[in-house]
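Welcome! We will walk through it one stop at a time.

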Amino acid sequence: MRRFSWFNATSLTLGFAFLYLPMVILVIYSFNASKLVTVWAGFSTKWYAELIRNEAFLDAAWVTLRVAVFSSTLATILGTMAAYVLVRANRFPGRTLFSGMIYAPLVMPEVITGLSLLLLFIGIGLDRGVLTIVLAHTTFSMCYVSVVVSSRLTSFDKSLEEAAQDLGCSPFDAFRLVTLPIIAPAVISGWLLAFTLSLDDLVIASFAAGPSSTTLPIKIFSAVRLGVSPEINALSTIMIAIVTVGVISASLISKRAAVRQEAETRNAERG
Amino acid sequence: MRRLILIAVPYLWLLALFLVPFLIVLKISLSDIALSIPPYTPQLDLSEGWAGFRAFLSGLDFENFAFLTTDDLYWKAYLSSLQIALLSTVMTLLCGFPIAYGIARAPHEWRPTLLMLVILPFWTSFLIRVYAWMGILNTEGLLNQFLLFLGVISEPLTILNTNTAVYIGIVYTYLPFMILPIYAALEKMDESLLEAAEDLGCSRVSAFWLVTVPLSKSGIVAGCFLVFIPALGEFVIPSLLGGSQTLMIGKVLWEEFFSNRDWPVASAVAIVLLLILIVPIILFQRNQQLQREAEG
């Protein structure tokens, strides 16, 4: 084993300082009493109180949450189906086009995805609103879900599924009773990924949203364009806190599941 | 039957919401701007049958693409996007490699925590991470206050609303994309190869260049593409951190569409951007495939 040198320690310290300092500063300044974001004037939570009273932000948060729940759920269903098709169905007409359409949105610049969807919605006369944002978000996040799920499906033993079918399961039951429980962690992380992608998205939502359906990122972007504001700092702090708690608890849960699985395998082997 | 539904549902969804919209962009890029709603001609009128389709085809031309070459703004924007994306990819590599290397060298029990610390910012809103820099890079911002306090500078620097701020923003937001693939490659490396190189007379530095770097090449290449491709079409970073002189094609497209309402030119800008991206995307796919083959 090679030594963990002072060079490694320095680069990690500097690297993580670079990654985290901006966010730490943002959080600290959200508790600043002064309206001027660069001058410290004592501790205060007044910006949080103002934020709660700001109806425009609350409305936008509600729209964002609804869009994220609907689009990530739809994307998980469609993405899991697509992953299953990609991994299990080897031959059907247009398979190359299908896998191309799964991978292309991952590398497509957001401005182009947004522009093209907007032109479609106008072309078919669909009024822009929550529905169009959900459609747009579902389309790009289902591709992320299918990449996550298909990597799990590839590593999974196909003979388990075949055994279930030999024992009298219909293909659908075999999927529901055998495959789904095994790929469940990937499906859940796919859902989480789709959910955060939807919460985060500014560019595609700006194209797909109508005047009556402003999402939180759109609202933040238009506020931030005018400059730094303590209210946005407070809002950002809340969002950072939610994500941090979410990611840490998700990793603890998966760690515990891994430990439990290991224990079960050991017990089974001891038999 | 079930198999058919399983294939058809995601297939039709992607056809309707990915391929068709893209074809519409292609069509509008070949159309002319008009003072109507929607603001372009010709419209495809299927009720007139074949004659309508022919009239539609004859109305298409490459005028918008020709227009892109006549106005300085566009090719300058493409060039400066390429330059910004390329330079910031190199800078991200220079920052990311030592971090990935440090994680790969760290004691085993630290690694999951360190990796989580790299992934955590990725889950945090992109917009917020860019916004965080606005308060730091300001003329009255913390960076200037700090540098003034140290006495390094006597007058505050203008960093926000310049290209420098855009570089900082890109390096900061895309750093996790660089660290993770490089770490994945370094982690798989066999440590005994380095010992062998040193036993055979390599210095530690030359062992690094002759063994570690070539063996982590696939991760470096993947990381570079994962930064370069999205950075090229970036919109949020140049519009929040960049200034009026920052030209990036994502921003130009956005303004062409929302401010000038010139849909045909915006579509042509999008098509050219995609043509530029095709080469790196194909190279990236090939790299991923080679990597999979090497592992499988």
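Before the first stop, a definition: on a 1 Å grid over the protein atoms alone, a cavity is a set of points where a 1.4 Å probe fits but cannot get out, a pocket is an open set with protein on both sides within 12 Å along at least five of seven lines, and lining residues have an atom within 4 Å of a point. This is a predicted model, in which local features need pLDDT of at least 70 and side-chain atom pairs count only at pLDDT 80 or more, while totals for chains, interfaces and linings use all residues. Chains are lettered from A in the order in which they are written, residues are numbered from 1 along each chain, and side-chain values use heavy atoms, without hydrogens and water.

**Stop 1: a cavity**

Select Met108(A), Thr113(A), Ser116(A), Leu117(A), Leu17(B), Phe18(B) and Phe22(B): they line the second largest cavity. Its volume is about 50 Å³, where a volume is the space filled by probe spheres set on the points, and grid points are joined across faces, edges and corners. Now colour α5(A) (110–123) and α1(B), which each supply at least two residues of this lining. Helices here are DSSP runs (H or I, at least four residues), numbered from the N terminus. Which classes line the cavity? Five residues are nonpolar, two are polar and none is charged. Nonpolar means Ala, Val, Leu, Ile, Met, Phe, Trp, Tyr, Cys and Pro; charged means Asp, Glu, Lys and Arg; the others, Gly among them, are polar.

**Stop 2**

Next, select Tyr84(A), Pro171(A), Phe172(A), Phe175(A) and Leu6(B). Of the 21 residues that line the second largest pocket, these are the closest to its centre. The space in this pocket is about 710 Å³. Colour α3(A) as well: with six residues, α3(A) gives the most to the lining. By class, the pocket lining has 13 nonpolar, two polar and six charged residues.

**Stop 3: where the chains meet**

Finally, show both chains. How many residues of chain B are in contact with chain A? There are 84, and they touch 82 residues of chain A, contact being heavy atoms within 4.5 Å. About 7600 Å² is buried between the two chains, with 81% from carbon and sulfur atoms. Buried area is the accessible area (1.4 Å probe) that two parts lose on being put together, summed over both. Select Trp13(B), Trp123(B) and Tyr131(B), which lose the most area in chain B.
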